[in-house]
Amino acid sequence: MSRNANRCPAHPGDVLREDVIPATGKAKAEIARMLGISRQHLGDILAERKPVSPEVAVRLAKLFSTEPLLWMRMQGAYDAWHAAHDVDASAIPT
């Protein structure tokens, strides 16, 4: 099964906002405190205004028993899709 290349991959903030954080039953402020980041920083990630940095990926992995690369790959796929659709590389020879 292949993924539709025209569909943007999920931002890690979307996954956190829609699936991961609600499953914990904890408030976003509590999650931010547990991660050691500000509520504003977490809010910006959840609103997809900020990317998940490697440092935050390590914190998320620890808190949710995952791997940092999970979060980094998710962010990388999101960023690469947007770059491929937003950057005009037509003048660059192959």
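**Close-up 1. Arg49 and its salt-bridge partner in the predicted model.** At a relative accessibility of 58%, Arg49 counts as exposed. Salt bridges with shared partners join Asp14, Arg17, Glu18 and Glu48 into one network. The side chain of Arg49 meets that of Asp44 in a salt bridge, with an N to O distance of 2.8 Å. The structure, a predicted model, holds 6 salt bridges.

**Close-up 2. The salt bridge between Arg17 and Glu48.** The side chains of these two residues meet at 3.4 Å, N to O. The pair links distant parts of the chain, since Arg17 belongs to helix α1 and Glu48 to the loop between α3 and α4, 31 residues apart. Arg17 is partly exposed, with a relative accessible area of 28%. Glu48 is likewise partly exposed, at 30%.

Close-up 3. Glu30 pairs with Arg33 in a salt bridge whose closest N and O atoms are 2.8 Å apart. Both residues lie in α2, 3 residues apart, about one turn of the helix. An α-helix has 3.6 residues a turn, so residues three or four places apart point the same way. Glu30 is partly exposed, with a relative accessible area of 30%, while Arg33 counts as exposed at 57% relative accessibility.

**Close-up 4. The buried face of helix α2.** Ile31, Ala32 and Leu35 are the buried residues of α2. Viewed down the helix axis, they fall within an arc of 100 degrees and therefore line one face of the helix. These residues pack against α1, α3 and α4. Just after α2, Gly36 adopts a positive phi of about 80 degrees.

**Close-up 5. The largest nonpolar core.** This core comprises 19 residues, of which Leu16, Leu42, Val52, Leu60, Phe64 and Trp71 touch the most other members. Two or more residues come from each of α1, α2 (28-35), α3 (39-46), α4 (54-64) and α5 (68-86). Helix α4 gives the most, with 5 residues. Neighbours within four places in sequence aside, Leu42 is in contact with Ile21, Lys28, Ile31, Ala32, Leu35 and Ile37.

**Close-up 6. Surroundings of Ala5.** Ala5 lies in the segment before α1 (12-24). With a relative accessibility of 55%, Ala5 counts as exposed. Residues up to four places away in sequence not being counted, Ala5 touches Trp81 and His85. The C-alpha atoms of Ala5 and Trp71 are separated by 20 Å, the two residues being 66 apart along the chain.

Definitions and conventions: Residues numbered from 1 in each chain as written. Predicted model: local features only at pLDDT ≥ 70, side-chain atom pairs only at ≥ 80, totals over all residues. Heavy atoms only, no water. Helix = DSSP H or I, 4+ residues; strand = E, 2+ residues; numbered from the N terminus. Buried < 20%, exposed > 50% of the residue type's maximum accessible area, 1.4 Å probe, protein only. Contact = heavy atoms within 4.5 Å. Core = buried A, V, L, I, M, F, W, Y, C linked by side-chain atoms within 4.5 Å. Arc of directions from axis to C-beta. Salt bridge = Lys/Arg side-chain N within 4 Å of Asp/Glu carboxyl O.
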